[in-house]
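The following paragraphs walk through a model of two protein chains, beginning with the fold of one chain and ending at the interface. Please keep the sequence and the structure in view while reading.

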Amino acid sequence: MSHDELLALFAGAAGAQHDVIAALTGQARRERTMRPGQYALDVAADAAVRVVLARAEVRVVSEESGTTGPEHAAVVVVVDPVDGSTNCAREIPYWGISLCAIDADGLLCALVENGATGERSTAIRGMGAWQGTARLTPSTNQRLEDAVVAVSGSPHPVPRWRQYRALGSTALALCDVAAGRLDAFVDCVPDAEGPWDYLGGLLVCREAGAHVVDRLDRELVVCDPTARRQVVAAATPELLEAVRASTETP
Amino acid sequence: MTPSLDLDALLGVAITAAEAGGRVVSDSFGAARGVEAKGPGDWVSEADVASERAVRGVLAQGAPRIPVFGEEEGGERGEVGWFVDPLDGTTNFLRGFPVVGVSVGLVASGRPVVGVVSSPLLGSLYNAREGGGAFRNGRAVRVGERPPVESICATGFPFRATRGRMSEYAPVLEQVLRTFEDLRRPGAASLDLAWSADGTFDGFFELSLGTWDVAAGALLVREAGGIVTDWHGDADAWLWSGDIVAGSPGVHEQLLEVIRGA
């Protein structure tokens, strides 16, 4: 499949997710499942998204349902049907869907969409990252003291950054680093991120020119649903190292 | 109660004022991003000042005898007075992140009696008057009823404070993450309070905020059934110190316990 065909497929999946979530209101929106951290909305969105993805010859790795689809497909789609589920349940407008296609050469294309605002980020290998017609470019900040940094978890001690944000969606935070709204993102919790959390945002960042690493320098491009990583992202290499150094666990 | 003030009428004035400021903020949003790199602060200062002037214009017309203190232009602080943050969340605004508020609070005898927080880019307007309940877009709101382990607290970074206050703040931040389900830091205190009032968040804590940041939002929390104090549990001092703890009764108590133990 071409990247255009895949992005069209992803747009269809995002639309299906949107329709399912919109129908969940009140208590139905907040209902949890027996699985820690999972909401009923995650399960419902996953089912709707997989129906769309099943129209294509792709293998699917989902946060909610693991690996499905043809074993020898040339493309693997890694999807988080709802990234920021707690925000979605509480109607905090910072949650979305993340889809990323991987072929034999690595990350091929990605779509990350904020379900509350409809803002959609897309990226294609070698062709840049975009929100609509606007090409994404990160900030040029190099210094921690000037940086607005999004965190997951809490660093100790608190670094000397300008400000921090704690927003609850890794996929959207990475897109905001790519777009220059944030200068950096750091996960302070060891090995809390599955590939579905960060792969879409990773390609958006890379294509925009931002920098993303695993804290322990492990390979980030993995499809293994059991793999976990600790993501650090920043607008510039200098800031990346400053953020990483300032949030090292003593 | 404050019998000498017509709080319903003043609430109407405050709503109109916050809406006027919100229109300025909405009209300015987006255009600011490119300007930041050319000249930090200049254009956004215009947006701040323009919003404050819009708010002041409405307040002067609707309540001409009540002094106004605004974040940008300052002003008189009387026994009765308005406190205005015309653009709460300036960093977000600059960077194209839509979590910004316009906050208009009326303080009388050391406590907030009217409060309006507009979220112009997210389409919400919260309002309350003392004794009259809290509302979002016209519908009554209440604080959440979740136990602490299922609760989310919002906080802010005490960037106005001296760096020395980080030693007070950091251990509380760490312990909050262990005590509650999660933490959020969207970057606009007035909205953190409004979202604590309607149960989106369950609590909020921060140090060294301005009266203009908290007067309106804190009244929303109280009128929605929540509790607001300073970090020592004082029911009044937070308005002037800006050291605030707010939330549903259970979460507020748990936050105070975390602070005491930190």
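In chain B, eight strands make up an open sheet of mixed pairing, ordered S2-S1-S3-S4-S5-S6-S7-S8. Strand S2 (74-75) and strand S8 (139-140) of chain B each have a single partner strand, so one side of each is left without a neighbour in the sheet. Helices and strands here are DSSP runs (H or I, at least four residues, for helices; E, at least two, for strands), numbered from the N terminus, and two strands pair if DSSP finds at least two bridges between them. This is a predicted model, in which local features need pLDDT of at least 70 and side-chain atom pairs count only at pLDDT 80 or more, while totals for chains, interfaces and linings use all residues. Residues are numbered from 1 along each chain as its sequence is written, chains are lettered from A and ligands numbered from 1 in the order in which they are written, and side-chain values use heavy atoms, with hydrogens and water left out.

At one end of this order, strand S1 (residues 68-70) of chain B pairs with S2(B) in the antiparallel sense over two bridges. B:Gly70 has B:Gly74 in S2(B) as its bridge partner. Helix H6 (residues 189-197) of chain B packs on the sheet, where it touches strand S3 (80-88), S4, S5 and strand S6 (124-129) of chain B, and its direction makes about 100° with that of S5(B). Contact means heavy atoms within 4.5 Å; axes are lines fitted to C-alpha atoms, for helices over the stretch in contact, and angles run from 0 to 180 degrees between N-to-C directions. Helix H7 (residues 211-223) of chain B lies across S1, S3, S4, S5, S6 and strand S7 (134-136) of chain B, also at about 100° to S5(B). In the loop between strand S4 (101-108) and strand S5 (111-119) of chain B sits B:Ser109, a residue other than glycine with a positive phi near 50°.

Chain A has an open sheet of eight strands with mixed pairing, in the order S2-S1-S3-S4-S5-S6-S7-S8. Its edge strands are strand S2 (66-68) and strand S8 (134-135) of chain A, each pairing on one side only. Strand S1 (residues 59-62) of chain A and S2(A) pair in the antiparallel sense over three bridges, with A:Val60 opposite A:Thr68 in S2(A). Helix H6 (residues 195-208) of chain A packs on the sheet and touches S1, S3, S4, S5, S6 and strand S7 (128-131) of chain A, its direction making about 105° with that of S5(A).

The side chains of A:Asp103 and A:Arg125 meet in a salt bridge, 2.9 Å from N to O. A salt bridge is a side-chain nitrogen of Lys or Arg within 4 Å of a carboxyl oxygen of Asp or Glu.

Now to the interface: 33 residues of chain B are in contact with 32 residues of chain A. The two chains bury about 2,700 Å² between them, 51% of it on carbon and sulfur atoms; buried area is the accessible area (1.4 Å probe) that two parts lose on being put together, summed over both. In chain B, B:Arg95, B:Arg184 and B:Arg185 lose the most area to chain A, together 25% of what that side buries. Three salt bridges are counted between chain B and chain A. In a salt bridge of A:Asp183 with B:Arg95, the closest N and O atoms are 2.9 Å apart.
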